[in-house]
Each structure stands twice: as C-alpha cells, then as structure tokens.
Amino acid sequence: MTCFNSNKAYKAKENTCLDPVRISTLLSELNVSAAEKYNLKYAWINMGGWQSWNPCEELEPNTKQPSLKCHLLKQWNQYILFPESRHEISKTVVLGQFVSYLRWENFYLVFASVGNIDGVLPPVQFVFDRHNNTVTYELADKGKEWQEGELQAKIEVFTAESYFEAREKLEKLFGSCDKENPNYTSRFDSIQFLGKQPAGWESWYNHYFNINHNLIEDDLKALKETQNLINLGGFDKQNLVFQIDDGWESALGEWTIRKDRFPEGLKVLAEKIEAENYVPGLWLAPFIIDLRSETAKEHPDWILRNRIKVPVMAGYNPLWGANFGRYQPGLPGSFYCLDLSNDAVIEYLDGLMDKVINEWGFRYIKLDFLYAGMLYGKFKNGGSAYQWFNRAVKILTKRTKTNDGKPVCYLGCGVPFEPAFNYFPLSRTGCDTFEHWENSLLKKLNWNGRNSAYLNVKDSIGRAMWNKIIFNNDPDVIFIRKENCSLTTKEKELIATVAVMFGNQIMYSDDPAKSTSKEEIDIAKRIVEINEKYKNEDFSVKAIRDNIYYVVSKNKKYQGIIDLEERYADIR
C-alpha cells in the first residue's frame, strides 16, 4: 500500500498535485525488473474513469485519449472532466481515475485509489505521462484546507501476471471477498434480494420523457402476457424490477407528480407493480435543478453558486433549463446544482426519499446525475465537494428497508465511482446506450459522453474487470424491438453478449405489446440462449487493437473475438 501524506499545509485555491513518481521506480519497489519494455510509451492504458459516463477503454500505445471536452456545448464538460483538474490530455498525457491499469502483453501494473473504502478522502486522478514515464496523483479537493501530515490519499499499486490475478487482487482489496473470515459480510448483500442476476424492465429507452399512467399500466400488463426477454429469460420471477423513469416529475428539482400525466399519483402504480410480483422502481436526479422549478423559486439559497454568486452550471438539457431570461443566468439550456452543504437541502432530500419509499412504495431507486454533487462552488458551510457529497449520499441511501420491512436498493447513475463506492454496490458503468449503433450528430461534435450503443459497449468492456468485485456492473438495456430502432440483429446480439459477459444486470426497455413478431421473439430467444450460456462464466478481455478484443473464460471453455468495427461477437 502506498499512502501519500502532505508535507505542508495546502491552500484551497487549486487541487492538490502530489509529486510525480517514475514507473520504473514503482516497478523496482514492487520487485519487478524495470526493463525498457515496461516503459509507459509501450503500455496499453486503461483509464478507469471518474464517473459512469467517462470514456473507458484500453488505450493503445501512442494513441491519444478520447476528448473529454465538448467545445460547442460547454455545459457538457461538467459531465466527464475530473472536477477542477489542472491537466489536459495530449498524445503523451493520459488521464485516469479510481482504478486504472497499465498492461504490457499479459503483465499488469494496477493503480487503485482506496481512500473511500474505510474513510472519506478526495477522489484521485492519475496523470500518466508517456514522455517522462511518470504518474502524478491529482486530488479533487478544492476547498479543503490541509494540515501538515494529514492523510490525503491512499493508493494501492500492485502487479499481476494475468487478468484473472488482477481481478483476484482487486476482489481482496475492495473487500468483495474474504474466504478466510467466517463472519464476512459482502458489500453486495443489500442487493441480494434482486437475485443472483438482477433483471427487469424500465420505461426510458423507448418512451423517454413521454410517459403517463395508462402507458405504464399497459406496459405492466403486456410484460406479463407476451413472449418477451423478461418472460423468456429464466430470471427469478419474484425479484424482477419494473422501473418508471424520467417524465413523472413536475420539473427537475421539483419532485411532485405531474397530475396531467399521473392523475392518480404514483402510489397506485407502485401497488399494482407489487401486485404483479415486480419490485417497483423510480428514477430521481436529486442533486440537480431547473431554476424555473417552484423549488428553485422558493429556495434560491439552495442553489450552489460560485464566488461571484452566479449559479454553478451542472449540464445541458433543453427540457431542464430556460434558453434565456431571468431563470437562465448561464448558457442556454443549462441546469444547476444544489448546495449540498446546506442543511435545509439535505433535510429536503431526506424527506423526499422517505416519501418515495414509504409513502409511494418504491424499492428500487435509480439516482441519476450524481456527478453534480462533486462540482465545486462557494458552499454555504465552506469545505470541499467530496465531503458534502459523502454526507448527502449517505443520507439518501440510508433506508435499506421500507417501514413495513421490504428491502430497498439503489442504482447509481452518472455516479462518481470513488466517493460513491460505499453507497452504490449496483452502479451504471458506461454512458447511456441508444437505439442506434451510433449517435451521428453528437459524434460530429466530438462529444465522448454521448448516448451511443457503440460507446456504451466499449465502456462495458473497459470496466469489465470491476464487475461483481468493485460494483455490480449495470451495462444498461438490451434491445429487441424493430420499431424506432435501427440496430441489426447482429448488433443486438453483440450488445447482449457484452452485457452478459461483463455486467450483472439485464434490463429491457421495449414496449412488450409491440415486440411480438416472430423475428423479435426469435431474437429474444437467441439472447436468452446467450444469457444461459455465459452468465455463470468469468471472462477475461484484452484489446488486440482499437475496437478488437480477445476474450477467454477462466476455465478455458470459451474463447473468441469481440469486433466493434464489424459489430459482432464470435465466442465458442
């Protein structure tokens, strides 16, 4: 374990950067020959990523990291730029976060920031400098006044001779396995009620914002009555999730129910979902707000502001922010952050969660856009974002059972991996997927946090090593439908194969009443076969070149190629 302590008191003006360390020095300390072949310029670099929507892949030697900025819509830069970072990517500089690794053939040098396993420390960014063969550690700690000798980061650095050895070391490091301890409690115990392989249906990737009571009720009925992926999949029928996504709320940050869409409220729907033996799920984005909402109008002091009292932009969505006027102090379409240091905000969010769980009856809560809690501003009570983020998510996720004893769990999405580690064992581990292989418009804008089936699959492969060890990886939904979907059968099977091999939650979002053709049912049956074949296997994955991967099961039963250029998986 390498622990870094400050040797002086740092000001709060900038993120702390800890001194560069040579890769050769690290290898020597780990009793590895620092031969020329273990130079950074020859290494494949896995970036890890600071939150769900960060690009993640094994980056080929001498290849520039995908852009983390969108120059046209600058609000989107809040999504995937490490908070307040002082570093820029280049052909020689690669930025990684949380758990990253270097790979030379089958030899791994792994960097894992573990300060939030048993404490509360700022997230870490690894700055890999190919030119100088060094790694620098940068902290998201703006606003924190460090004292001399105070622990700033805990970083574990280790080597492994294979993919599976690296996984085993991560499993032990992150406390996911302790076979020698008879009293061991898994960090995944809180989601065990969902079954060994959580699965279900959600409204987003077909209906998007356009949901209402009748539509949800119709989908609930059709899900039971038709031949669909969930009914054919061999999942535990008592623990399937049925989740209502975005579109039910009056406004972003105003978590009252839209009466024009849900005149009977949401409690009645949750009861109907329970009656069908599904786990009722609901979407929330607790840390962000539209300044046009009644909540923002009534509580302007709840909005996080910068040092000149301008609200801190959290992102762009034309439905969540005015284009101009008194309710848009920033760029058009911007939405904003809540000040999580404000006790009144925390009291409000605590009450909201109690209402959602104990009054309305939802037990699978998708908490989205959580990265906004790590954005820095002039907090009412001072301090650093990571400290207030920890307090907020601890309170948001404290209800593990309803008042009448039913289990409750949480899915983290758009979630900062490191500070959220202890609170979201079930986490999205890639960007949003899409009903088309690529999002052509956003690709032209060079926006690498875009919704895209291609990027989603790439992220799932990039974070495959984490699955069932660091997080129960949620790879996002699988598609079957023909309507409003351009994905080919081959692409649908590829998406499903990657989800099964490198994730551990299978979600489906199609309208089950409209996916009843023989072709669609045959695709569903084929994906069920893929699931049954691979769900209990442990696979390694290694990039051969960009977009081409070699995979092999731990028991050597299966091996093959995943090709994202030709868009197929051939595993035999």
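Predicted model: local features only at pLDDT ≥ 70, side-chain atom pairs only at ≥ 80, totals over all residues.
Which handedness does the crossing of α14 and α15 have? The crossing is right-handed.

Two packed helices are described by the angle between their axes and the distance between the axes. Take α14 and α15 (residues 518-534) in those terms. Their axes come within 10 Å and cross at roughly 30°. Angles under 35 degrees count as roughly parallel, and α14 and α15 are therefore roughly parallel to each other. From α14, the contact draws on Thr489, Lys492, Glu493, Ala496, Thr497, Val500 and Met501. From α15 come Glu519, Ile523, Arg526, Ile527, Ile530, Asn531 and Tyr534. By class, this contact holds seven nonpolar, three polar and four charged residues.

Now turn to α13 (residues 453-462), another partner of α14 (residues 489-502). The axes of α13 and α14 come within 10 Å and cross at roughly 25°. That angle makes α13 roughly parallel to α14. The crossing of α13 and α14 is left-handed. On the α13 side, the contact residues are Ala453, Val457, Ser460 and Ile461. They meet Ile495, Val498 and Phe502 in α14. Six residues of this contact are nonpolar, one is polar and none is charged.

Next, the backbone. Most residues other than glycine have a negative phi. Asn133 has a positive phi of about 60°, although it is not a glycine. Asn133 sits in the loop between β8 (124-129) and β9 (134-139). Is Asn133 buried or exposed? Asn133 counts as buried because its relative accessibility is 6%, where buried means under 20%.

Arg567 also has a positive phi, of about 65°, and is not a glycine. Arg567 lies in the loop between β27 (559-563) and β28 (568-571). With a relative accessible area of 31%, Arg567 is partly exposed.

Two further sites bring together parts of the chain. Ser67 is in the loop between β4 (58-59) and α2 (77-80). Its relative accessible area is 18%, so Ser67 is buried. Which residues does Ser67 touch, not counting residues up to four places away in sequence? They are Ile80, Ile89, Asn446 and Asn448. Ser67 and Leu81 are 14 residues apart along the chain, and their C-alpha atoms are separated by 9.7 Å.

Glu347 belongs to helix α9 (residues 343-359). Glu347 counts as exposed because its relative accessibility is 62%. Exposed means over 50%. Glu347 and Ala392 are 45 residues apart along the chain. Their C-alpha atoms are separated by 9.7 Å.

Note on methods. Residues numbered from 1 in each chain as written. Heavy atoms only, no water. Axes fitted to C-alpha atoms, helices over the stretch in contact; angles between N-to-C directions. Helix = DSSP H or I, 4+ residues; strand = E, 2+ residues; numbered from the N terminus. Parallel < 35°, antiparallel > 145°, perpendicular 65-115°, else oblique. Left-handed = near helix turned anticlockwise from the far one by under 90°. Contact = heavy atoms within 4.5 Å. Nonpolar A, V, L, I, M, F, W, Y, C, P; charged D, E, K, R; others polar. Buried < 20%, exposed > 50% of the residue type's maximum accessible area, 1.4 Å probe, protein only.
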